[in-house]
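Please examine the model shown below together with its sequence. The report after it treats architecture, packing and charge pairing in turn.

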Amino acid sequence: MANLAPTNKTPGLHVSKPSPSEPATASAVCHCGASASAKGDTQVGSLIAGWNANHGAAHTNGAKA
């Protein structure tokens with residue numbers, strides 16, 4: 001399987017939850033240079049919410065990082 005983790009050359013958000021009994025993990029790299037990672041369902045949820053509000057497609061809508 002290909003490495004799906006985002007990098008500066010391939011920014012994005014990657015979330016993984018291999019099974020219901022394991023904690024979720026996530027990593028994010030934005031084209032603006034911001035990056036973050038999280039482990040645990042609650043922390044991953046917060047990372048996703050922050051990504052949606054401040055990075056990714058939000059930049060298209062004029063949001064600042």
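The structure is a predicted model, in which local features need pLDDT of at least 70, side-chain atom pairs count only at pLDDT 80 or more, and totals for chains, interfaces and linings use all residues. Residues are numbered from 1 along each chain as its sequence is written, and side-chain values use heavy atoms, with hydrogens and water left out.

**Overall architecture**

The protein chain contains 2 helices and 3 strands, arranged along the sequence as β-β-β-α-α. Helices (H or I, at least four residues) and strands (E, at least two) are DSSP runs, numbered from the N terminus. Of the 65 residues in the protein chain, 26% are buried; here buried means under 20% relative accessible area, exposed means over 50%, and partly exposed lies in between, with a 1.4 Å probe and protein chains only. The accessible surface of the protein chain is about 4,400 Å², and carbon and sulfur atoms hold 54% of that surface. Such areas come from the Shrake-Rupley method with a 1.4 Å probe; for residues, only the protein chains shown count as cover. Among contacts in the protein chain with a separation of 6 or more, 17% are between residues 24 or more positions apart, where contact means heavy atoms within 4.5 Å.

**The sheet and the helix across it**

Strands of a sheet pair through backbone hydrogen bonds, either parallel or antiparallel. In this model, 3 strands make an open sheet with the order β1-β2-β3 and antiparallel pairing; two strands pair if DSSP finds at least two bridges between them. Strands β1 and β3 (35-39) are at the edges with a single partner strand each, so one side of each has no neighbour in the sheet. From one strand to the next, the twist averages 5 degrees.

Antiparallel pairing of β1 and β2 extends over 5 bridges, and H14 lies opposite S27 in β2. Strand β2 (residues 25-29) is likewise joined to β3 by 5 bridges in the antiparallel sense. On this side, A26 lies opposite A38 in β3, while A28 has A36 in β3 as its bridge partner. The hairpin of β2 and β3 has 5 residues between the strands, and G33 adopts a positive phi near 105 degrees there.

Helix α1 (residues 41-54) lies across β1, β2 and β3 and runs at about 155 degrees to β3. Axes are lines fitted to C-alpha atoms, for helices over the stretch in contact, and angles run from 0 to 180 degrees between N-to-C directions.

**The nonpolar core**

In soluble globular proteins, nonpolar side chains tend to be buried together. The largest nonpolar core has 8 residues: A24, A26, A28, C30, A38, V44, L47 and W51. A nonpolar core is a set of buried Ala, Val, Leu, Ile, Met, Phe, Trp, Tyr and Cys residues joined through side-chain atoms within 4.5 Å. At least two residues of the largest nonpolar core come from each of β2 and α1, and the largest share, 3 residues, is supplied by α1.

Which residues are in contact with A26, leaving aside its neighbours within four places in sequence? They are H14, V15, A36, S37, A38, V44 and L47.

**Charge pairing**

Side chains of opposite charge can pair when their charged atoms come close. A salt bridge is a side-chain nitrogen of Lys or Arg within 4 Å of a carboxyl oxygen of Asp or Glu, and by this rule there is 1 salt bridge. It is formed by K17 and D41, with the closest N and O atoms 3.1 Å apart. The two residues link distant parts of the chain, K17 being in the loop between β1 and β2 and D41 in helix α1, 24 residues apart.

**Accessibility of selected residues**

L4 belongs to the segment before β1 (12-16), whereas G45 is in helix α1. The table gives relative accessible areas.

| Residue | Relative accessible area | Class |
|---|---|---|
| L4 | 52% | exposed |
| K17 | 39% | partly exposed |
| D41 | 45% | partly exposed |
| G45 | 34% | partly exposed |

For G45 and T25, 20 residues apart along the chain, the C-alpha separation is 9.8 Å.
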